[in-house]
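Open the model in your viewer and keep the selection tool at hand.

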Amino acid sequence: MSNISATEDHYTSTGVDNRKLMMWIFLGSDCLFFGSFISTYLVYRNRSLVGPYPNEILDIPITTVSTFVLLMSSLAMVMGLSYVQQGRQVLGRYWTLATALLGMVFLGFQVFEFTHFAHVGLTPRTNIFGSTFFTMTGFHGAHVTFGVIWLLIFAFSRLASSFRQKMLIFASFLSVIITMAGIMMTETLDVIPHMPFSLAITVTIIGILGTIGSLYLLRVPDTEPEKVSKEEENLELAGLYWHFVDIVWIVIFTVVYLVSAKDGAPLL
Amino acid sequence: MKIVIDLGKMKDSLVSMYNGFLGHDTKGYFRVPDTPQDLPNPENDTPWVGSIKYSIEKFNKITRKDGHGTPIFYVWVGFILGVITLIEFVIFYVESLGVLMIPILLILSLLKFVMVVGFFMHLRFDNKVFTFMFGSGFVLATVISIVLLILLAIKP
């Protein structure tokens, strides 16, 4: 009940914040959205006539790591919200940025997985497993992408007030992208012609230094604690969405990956 | 710079984390039965008198029924979620479980689901109308999925 007295709510007939109620109704309807994809996947399980089949390509260790990354991003989200409620701007900002970063790492895993599947020969039009699998995980990835954009915009516009700190948040985001690009360059040296190894390493190091430097410069608050804790309600909406994306992945990881990873060719 | 490892301090911080998780400073008395000499014997004279009520109280206290969690509480929840994911990963490679594997995995993932929804999304601490709104959507989705699976599993 402490959150009701801390903020000045407008009168509602339900007694709760209208935006939060709308968010929960949306999440309830999103359950039906993902439920339809998951049940479609399960209904068409074991019905592919041509390969690759799940037991040939699904990689459980890597997916476990990416599941863990998404769970930890959920933890970072709730830590950020908790610190924003206390009016501690710097910690709230760091945790929110960490949430977005872990979300981007999860998306990196998904891009890696999809690319690997495409190389092995599984595309949405190969077989019924490919169609149902890519539709479901693709829509989940789109949700994660939207959440990352939401969190970054929130950190940029609400958790920093001076121009300098806004630019630092932008710079940290840009540096992370440069780091990821550098890592990708080191991994694909044999694919890209005339790419010197030193260039790839330099790009990675520039990205890492930029990330560390911009995050270090963000260590001082630039807003009063009361002003920061007013953003609690807004960050909570983003947090609810983010945790929902996480729980959808919990279900997908169990039902799609662990349960059906041993499926082979159908027994006709 | 000289790095000093202070074992006493480490122990104190571990103890304070544990206390923070339990929500109790553990400096008080143990709970002993309250039976003065001049009172008649209690109705049910076993060591387990009131243990259900006591466990419910303890559960409500540990799960922070009256108010929001603290950061250390969320770290504990995240740690437990990570451990459950690890258990699921290990169970996947245990061949001897056979048909039991799928129910165990489903129960573990349901546990993770409830923990994230209850603690991270604050449904445990929040207004019940949110639980109703989200729960109705979730239950509807689950029931429709199960009915669809059963209907399409029946081969004519």
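Select helix 6 and helix 10 of chain A: they are roughly antiparallel to each other, because their angle falls in that class (under 35 degrees is roughly parallel, over 145 roughly antiparallel, 65 to 115 roughly perpendicular and the rest oblique). Helices here are DSSP runs of H or I with at least four residues, strands are runs of E with at least two, and both are numbered from the N terminus. This is a predicted model, in which local features need pLDDT of at least 70 and side-chain atom pairs count only at pLDDT 80 or more, while totals for chains, interfaces and linings use all residues. Residues are numbered from 1 along each chain as its sequence is written, and chains are lettered from A and ligands numbered from 1 in the order in which they are written.

**Stop 1: the helix pair**

Helix 6 covers residues 128-157 of chain A, and helix 10 covers residues 232-258. Their axes come within 10 Å and cross at roughly 155°. Axes are lines fitted to C-alpha atoms, for helices over the stretch in contact, and angles run from 0 to 180 degrees between N-to-C directions. The crossing is left-handed: the near helix is turned anticlockwise from the far one by less than a right angle (clockwise would be right-handed).

Now show side chains. On helix 6 of chain A, the contact residues include A:Met136, A:His140, A:Trp150 and A:Phe154. On helix 10 of chain A, pick among others A:Leu235, A:Trp242 and A:Trp249. Contact means C-beta atoms, placed from the backbone, within 7 Å. The contact residues divide into 13 nonpolar, 4 polar and no charged. Ala, Val, Leu, Ile, Met, Phe, Trp, Tyr, Cys and Pro count as nonpolar, Asp, Glu, Lys and Arg as charged, and the others, Gly among them, as polar.

**Stop 2: chain A against chain B**

Show both chains. Their contact takes 36 residues from chain A and 37 residues from chain B. On the chain A side, helix 2 (18-43), helix 4 (60-85) and helix 10 each supply at least two residues. Helix 2 of chain A gives the most, with 13 residues. The chain A side divides into 23 nonpolar, 12 polar and 1 charged.

**Stop 3: chain A overall**

Zoom out. Chain A has 10 helices and 0 strands. Its C-alpha atoms fill a box of roughly 65 × 60 × 25 Å, taken along the principal axes.

Note on methods
Contact = placed C-beta atoms within 7 Å.
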